[in-house]
Amino acid sequence: MAKTGRTEPDVIIIGGGSAGAVMAARLSENPATRVVLLEAGGRDRNPLYHLPAGFAKMTKGIGSWGWHTVPQRHMKDMVIRYTQAKVIGGGSSINAQIYTRGNALDYDEWRQMGCTGWGYDDVLPYFRKAEDNDTHANHYHGQGGPLGVSQPRAPLPICEAYFAAAGQLGIPRNPDMTGESQDGVGYYQLTQKNYRRSSTAVAYLGPARGRGNLTVRTGVQVLRIVVEGGRAVGVEVAGEGVLRAGQVILSAGAIGSPRLLQLSGIGPGEELARLGIPVVLDQPGVGANLQDHVDLFVIAECTGPHTYDRFAKPHLSALAGLQYLLTRRGPVASSLFETGGFWYADPNARSPDIQLHLGLGSGIEAGVAAMPQGGVTLNSAYMRPRSRGTVRLASADPLAAPLIDPNYWADPYDREMSIRGLKLAREIMRQDALKPYVLAERLPGPGVRTEQEYFDYACAHAKTDHHPVGTCRMGADPAAVVDPQLRFNGIAGLRVVDASIMPTLISSNTNAATIMIAEKAADMMR
């Protein structure tokens, strides 16, 4: 992208999250490319964004849009809180910092679906390019990249008991679940550096902020993408009017990107016309194909202070803060979900289809019960759902919340596998190795035995794992929203770069893969 005589920037990036911050940093490495990054959320000044344990506050409203799903018709119309980041760094600033990549076969399937250049061998170099891994340097891992990837600083003895309990069921210990094999249980590596969160705002934008060709603006509400003659020429910003640019990159996430496209008149034409939005391009794929992981969990009461629950008390919380300042250890140094693993609900699955997260406490996330005497949580999620949902507009008002419908369990297979995953989690928690730590299971509790009782429990307690993808699907077919170069089909000068382009949901957390997508997109653009 050569510098021209125009005064407008070469690139406007909408969204400063896991992908947008990477794009801004990488594209501005070329001093001849003028980049403007627009983020609707604020700065990450609150210390909770940087302390590993700050995650416990994130699903309860800090740095979030405050959205919910529509009633889930296959789950007794339950409505689920749907945390979506509204802060610089996006999801990387508010997530549990778990560094997982999915399974190699996930990406090979993308390639088989027509996404040339997106097989595992194609994307692995970009995972490695991003990494500054404090433990591994080999074929699977890199060092010296912007993103801190670290071993947990503050595991507890109950974590080792969990590994032993899984072993009693034949599940092996795996020292690197993002390496050669995904199978087994172990410590997750975390997006942390020097015992602080390594968000894309810190890791990528931090070193880039002094560049004269990069402008980063927060608190900026983009109302629409401006299209003239079939080309994206800029954006309309609330209170400012139109800002023009040579190219527009949309990185607002799997909910925010289709939402803004539809507000811009780009999406399913009949629905947009019904809302009074002038149709710029009738593209039914925008906002379709939504996929997400739905989470079911076991909570047990502990026999003693074996987890971090006790630090919820104000005086102990203050002591924990002091411990972190002096030693960088203790509960503040923990992401609270740094232990887990991957195993099988369907024994014939091509790779692990259940992900486990051991929570070192209870009541960590919004809407999840806390144990008065302290507890431990084991989350389970079926990773390759067949159900597909949508993101649609409730109205033409750009400030209105979108209609988020993951359509969980529309396919009965998803329900069956999810409940099998919950049963696996219960079995792990009942093993002898955990008996010194676990007094009794409190949720689901002994009253849940039949399939109907499992279903009823899920419809009262299920939550999202915060992994939405797919709503601007990449592909080689005419119905795809973007092509394998992430160029928008039907509109020149517009790319989508974020988790929305994933054709199918990967078999793990999505943050590392979203960063990889941006690293690869930046290379393609250069």
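Modeller: Let's start with Gln97, which counts as buried because its relative accessibility is 0%. Buried means under 20% relative accessible area, exposed over 50%, and partly exposed in between, using a 1.4 Å probe and protein chains only. Bear in mind that this is a predicted model, so local features need pLDDT of at least 70 and side-chain atom pairs count only at pLDDT 80 or more, while totals for chains, interfaces and linings use all residues. Numbering runs from 1 along each chain as its sequence is written, and side-chain values use heavy atoms, with hydrogens and water left out.

Gln97 isn't a glycine, yet its phi is positive, at about 65°. You'll find Gln97 in the loop between α3 (91-94) and β5 (98-99). Those labels are DSSP runs numbered from the N terminus: helices are H or I with at least four residues, strands are E with at least two. Asp77 also has a positive phi of about 65° without being a glycine, and sits in the loop between β3 (67-68) and β4 (81-82). Asp77 counts as partly exposed because its relative accessibility is 47%. Why point these out? Most residues other than glycine have a negative phi, and most peptide bonds are trans. On the peptide-bond side, the step from Leu443 to Pro444 is cis, with omega near 5°. Pro444 belongs to the loop between β25 (438-443) and α12 (451-461).

(Axes are lines fitted to C-alpha atoms, for helices over the stretch in contact, and angles between N-to-C directions run from 0 to 180 degrees.)

Zoom in on β1 (residues 11-14), which pairs with β16 (residues 247-250) in the parallel sense over four bridges.

Next stop is Ser264, in the loop between α8 (253-263) and β17 (266-267). Ser264 is buried because its relative accessible area is 6%. Its side chain reaches the backbone nitrogen of Ile225 at 2.7 Å. That's a polar contact: a pair of N or O atoms within 3.5 Å, where, within protein, one must be able to donate a hydrogen and the other to accept it, and residues adjacent in sequence count only if both atoms are side-chain atoms. Leaving aside neighbours within four places in sequence, Ser264 is in contact with Arg224, Ile225 and Val280, contact meaning heavy atoms within 4.5 Å.

That brings us to β13, part of an open three-strand sheet, β13-β14-β15, with antiparallel pairing. β13 (222-228) and β15 (241-244) are the edge strands with a single partner each, so one side of each has no neighbour in the sheet. Here neighbouring strands are turned by 35° against each other on average, direction ignored. β14 (residues 231-237) and β15 pair over four antiparallel bridges, and Gly234 has Arg244 as its partner in β15.

Last, a helix: α11 (residues 412-429) has 18 residues. Asp411 caps its N-terminal end, with a side-chain oxygen 2.9 Å from the backbone nitrogen of Tyr413. Its buried residues include Tyr413, Met417, Leu424 and Ile428.

Definitions and conventions:
Pairing = 2+ DSSP bridges. Expected span 1.5 Å × (residues − 1).
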